[in-house]
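Hi,

Here is the structure I promised to pass on.

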Amino acid sequence: MASNNYYDPADLRNFGKITEWSEELGTKFFDYYGKVFEEGALTAREKALIALAVAHTEQCPYCIDAYTKDTLQRGVTKEQMMEAIHVGAAIKSGATLVHGTMMMNKVNKLDG
């Protein structure tokens, strides 16, 4: 049965197949991706929470699904998840607004 949504949740299960049309680059991506999420200076739990916040700022429904599940499995609370999303939203909106200085500079040059 066809999905009524542009983003089909079943596609997330097929992510590994992305290597089929470019095996070398796909494999390198998954090697890198796996290495990034290994324990290091940050715990896997911390990395999953960061990934959840970034998934929301990037507005990737596949990533939101994956990292919601992952963070829950790592013991992250709903409150921590929402707080992380708010941190991401604050940075995203701040980054948008700070670029307003570029517009202000341009207006000042054109008015000058």
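This is a predicted model: local features need pLDDT of at least 70, side-chain atom pairs count only at pLDDT 80 or more; totals for chains, interfaces and linings use all residues.

Residues are numbered from 1 along each chain as its sequence is written, and side-chain values use heavy atoms, with hydrogens and water left out.

Pockets come from a 1 Å grid over the protein atoms alone: a pocket is an open set of points where a 1.4 Å probe fits, with protein on both sides within 12 Å along at least five of seven lines, and lining residues have an atom within 4 Å of a point. Grid points are joined across faces, edges and corners, and a volume is the space filled by probe spheres set on the points.

The largest pocket holds about 330 Å³ of space. H4 gives the most to its lining, with four residues, and helix H1 (10-13), H2 and helix H4 (61-73) each supply at least two. Its lining divides into ten nonpolar residues, one polar and one charged (Ala, Val, Leu, Ile, Met, Phe, Trp, Tyr, Cys and Pro count as nonpolar, Asp, Glu, Lys and Arg as charged, and the others, Gly among them, as polar).

The second largest pocket has about 150 Å³. Among the residues lining it are Tyr33, Phe37, Lys47 and Glu58. Helix H3 (44-57) and H4 are the elements giving two or more residues to that lining, and the largest share, four residues, comes from H3.

Now the charged pairs. There are three salt bridges in the structure (a side-chain nitrogen of Lys or Arg within 4 Å of a carboxyl oxygen of Asp or Glu). For burial, buried means under 20% relative accessible area, exposed over 50%, partly exposed in between (1.4 Å probe, protein chains only).

- Glu24 and Lys28 pair at 3.3 Å, N to O; they sit four residues apart in helix H2 (residues 23-36), so about one helical turn separates them. Glu24 is exposed at 54%.
- Lys35 and Glu38 also meet at 3.3 Å, N to O. Lys35 is exposed at 55%, and Glu38 is partly exposed at 40%.
- Arg74 bridges to Asp70, with the closest N and O atoms 3.2 Å apart. Arg74 is partly exposed at 38%, whereas Asp70 is buried at 17%.

Cheers
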